[in-house]
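Here are a few exercises to work through with the model open. Try each task before you read its solution.

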Amino acid sequence: MPKPQQRPRAYGLLRSRKRVSLAASALAMGLLAACGSDNDGPPAQEEEIAGCDGTVTFAETEGTFASGTPWNMRRPTKWNGVLINDLDYVGAKDSARSCYWLMNGYGLSGTARNPQRTYNYDPAREQDELMQLIDMFAERYGKPKTVVQYGHSGGGFDALNIAERFGDRVDGVVAGCAHEQVPLMNMMMDGWFVLKTLIAPELKIVGFDDLDTVSEQSAKWKEALSAAQETPEGRARIALAAAIGQWPAWGTTSVPKPDPEDKAALQEAIFETVLFNAGQPGGQSRFMSEHAGGSPVPRQLSWNKGIHYEDFLGNAEPMLGALVQALYADAGLDMKEDLDKLATAERIEADPEAIAFWAAPGRTVHGTPTIPVLRFHTTGDSLVPPTIMDAYVQKMEANGGNTALYRTTVVDRPGHCSFDPSESAAAVDALLSRINTGIWPDLSPDAMNARAKELIPASEPLFVPFESPRANRPDNAPPEAM
């Protein structure tokens, strides 16, 4: 894979730092190597930066890959030999989470999302660039003793892929709120298919040609959903969509956490979740997924041919399943009639080119990690519902994955990747314990909360027990393509 040109530069104070744009050059790589590889101290010629409100000093290098992806790496003065690598590090380099790690001796590296990601998404390229960064860090600051791949959302998906592809380069991964693009787009489409069939047949949920269409359809969907919420029939059908799509009931901070026994509060929370998701009809990043790889026309990676939605309702979270039954009874609706409508509605078929793109290495996972994986999620992630974790478990079962390498832990909070710094710190700390001892530490909610509190005493971590329903959509491709 091509490597970017790199020009060593000593930086002064953090506020006066200037970005360096880089492109490939063997001479520059030689200069980096000449900076030294002793991890007992920073390169002598590089001025240290005081950052994180003056709490830590570090050496820093930053630049841009030839693809346009920005990158950054920091080595604290008292480096402990561990490197944490992250797809979204550049935007979070001065966050409380990153500052905690720097102050505790961790080296940090990573990228920002590629500026063209919306139109040319390719997680395989992201992973290749992240692997290059590990080499770049080693050449400039010394070879790490341990490398942890950390990531949220798409970064979590990259981490899962790295655990399967690059076990010789990385020692373990923490995958936060990780999606799997094909299963995610299917489970989101399932709920939207219910909404389209039963509430707004004229609106779009797939096949978005441009972002203007996404915005236009989003506004129309919000109007249609708000109107439906005003009727008992609409409220029942909104709840049915969430149950079949396996979306969480409480997904936004716009309403307090509902009492599961309070039908009105629970349904209102579901409505707010669905209304929030209407910002991108068909699922978060639907447009990006359909145009992945730079496709000028949408290529469909979702399908529901051969899907029986009455079966999916049986895998709903129990409180949602009970709510749907109650709301249908309150509205005087025959649920069987609605399920029959879903059964006979025109199906969506996957584009073979899209399936082929997403089947390539780095663009899908198979449940076959070669290094320890700790996956953590929030209960109220409406953009990447936590049930998606079970899709990976099913792949491990189907493909003989090493279950001893895989563990999960869950935080009780609404929102996508809304982790407290202490929860991230605890996840990495627990993974390092597994890497160093070969044995998973206690990952029970009480133990994880205690670990987080010990690391950051002022925090209020919210690890909780979580039992996932069986995911309806674990497959990477429709049956005819497998």
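**Exercise 1: helix α9**

Keep in mind that this is a predicted model. Task: find which residues of α9 are buried, then work out what they pack against.

Solution. Start with the buried set: Leu266, Gln267, Ala269, Ile270, Phe271, Glu272, Thr273, Val274 and Asn277. Next, look across from these residues, and you'll find α6 (181–198), α7 (211–229), α8 (232–245) and α12 (318–331). Now check the helix itself: α9 covers residues 263–277 and reaches 21 Å from first C-alpha to last, close to the 21 Å expected. Finally, go to its start, where a side-chain oxygen of Asp262 comes to within 3.3 Å of the backbone nitrogen of Ala264.

**Exercise 2: the disulfides**

Task: locate the two disulfides and work out the handedness of each one.

Solution. Take Cys52 and Cys99, joined with S to S at 2.1 Å. The torsion about their S-S bond is about -85°, so this one is left-handed. Cys52 sits in the loop between β1 and β2 and Cys99 in helix α3, so the bond ties together parts 47 residues apart in sequence.

Then move to Cys177 and Cys417, with S to S at 1.9 Å. Here the angle is 105°, making the link right-handed. It joins the loop between β7 and α6 to the loop between β9 and α16, 240 residues apart.

**Exercise 3: Thr409**

Task: is Thr409 buried or exposed?

Solution. First place Thr409 in strand β9. Its relative accessibility is 5%, and the cut-off for buried is under 20%, so Thr409 counts as buried. Its contacts beyond four places in sequence include Leu374, Phe376, Met448 and Phe463.

Note on methods. Residues numbered from 1 in each chain as written. Predicted model: local features only at pLDDT ≥ 70, side-chain atom pairs only at ≥ 80, totals over all residues. Heavy atoms only, no water. Helix = DSSP H or I, 4+ residues; strand = E, 2+ residues; numbered from the N terminus. Expected span 1.5 Å × (residues − 1). Buried < 20%, exposed > 50% of the residue type's maximum accessible area, 1.4 Å probe, protein only. Contact = heavy atoms within 4.5 Å. Polar contact = N/O pair within 3.5 Å; in protein donor to acceptor, adjacent residues only side chain to side chain. Disulfide = S-S within 2.5 Å.
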